[in-house]
Amino acid sequence: MAQMHKGRRRFLGFLSTSLFTVIGLCLALPGLAYFGAPMRRKSATGEFRSDFVDAGPLVDLPVGQWQLRTVELAGQDGWEKTILRYAVWIHRESESADAITVLSSICPHLGCPVQWQAARAQFVCPCHHGTFDARGRTLAGPPPRGMDPLPFEIRSGRLWVLWNEFKTGSAERIPVCI
Ligand code: FES
């Protein structure tokens, strides 16, 4: 008889533990799904995407000079919204709206910011002295390819640049953003 009571107590203990576990899981799952949502969104879409970014009014770009412009790209890291700023080199050859060259300022060797040196009419990278001509083509140093050109569009008098990053250290131009 005592054995039977002991067995029933053990069974009831097991039953109540299982019940509490199931109830606990039911309560916890919506919370886990809620907090997991941003991570899923990040992995599904990628943190930063290639996108058109506003590089400012066309009239502010002087003809015949290289101009450095900062563009902003919005990204999502979990719940946090992030703004990344990148620099692009822009050259307007004439008043014509499509006579424009846009180059990424990121050195294709290891990613340092490339500077325009007007006196030499060359782009120079301060890190390992990579040099590029006035069109962004490699002249000397370790960069395995020329500076990366970026597509653009003119929208309502403003220049919009299709920002992308490219793999550094590679002779091939391989986009990093999706
Ligand atoms: S990072 Fe530009 S030359 Fe090395």
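I'll start with the contacts. In this protein, residues 24 or more positions apart account for 50% of the contacts with a separation of 6 or more. Keep in mind that this is a predicted model.

Now the secondary structure. The protein has 1 helix and 10 strands. Going along the sequence, the order is α-β-β-β-β-β-β-β-β-β-β.

The protein has 178 residues, and 31% of them count as buried.

Next, the cysteines. How many disulfides does the structure hold? It holds 1. That disulfide joins Cys112 to Cys127, with an S to S distance of 1.9 Å. As a reminder, a disulfide is a covalent bond between the sulfur atoms of two cysteines. The angle about the S-S bond is -90 degrees, and the link of Cys112 and Cys127 is left-handed.

What does the pair tie together? Cys112 sits in the loop between β4, residues 100-104, and β5, residues 115-117. Cys127 sits in the loop between β6, residues 122-124, and β7, residues 131-132. The pair therefore ties together parts that are 15 residues apart in sequence.

Are the two partners buried or exposed? Cys112 has 16% relative accessibility, and the cut-off for buried is under 20%, so Cys112 counts as buried. Cys127 is at 34%, which makes Cys127 partly exposed.

Two further cysteines to mention. Cys107 is buried, with a relative accessible area of 1%. Cys125 is buried too, with a relative accessible area of 2%.

Technical notes: Residues are numbered from 1 along each chain as its sequence is written. This is a predicted model: local features need pLDDT of at least 70, side-chain atom pairs count only at pLDDT 80 or more; totals for chains, interfaces and linings use all residues. Side-chain values use heavy atoms; hydrogens and water are left out. A disulfide is a pair of cysteine sulfur atoms within 2.5 Å. Helices (H or I, at least four residues) and strands (E, at least two) are DSSP runs, numbered from the N terminus. Buried means under 20% relative accessible area, exposed over 50%, partly exposed in between (1.4 Å probe, protein chains only). Contact means heavy atoms within 4.5 Å.
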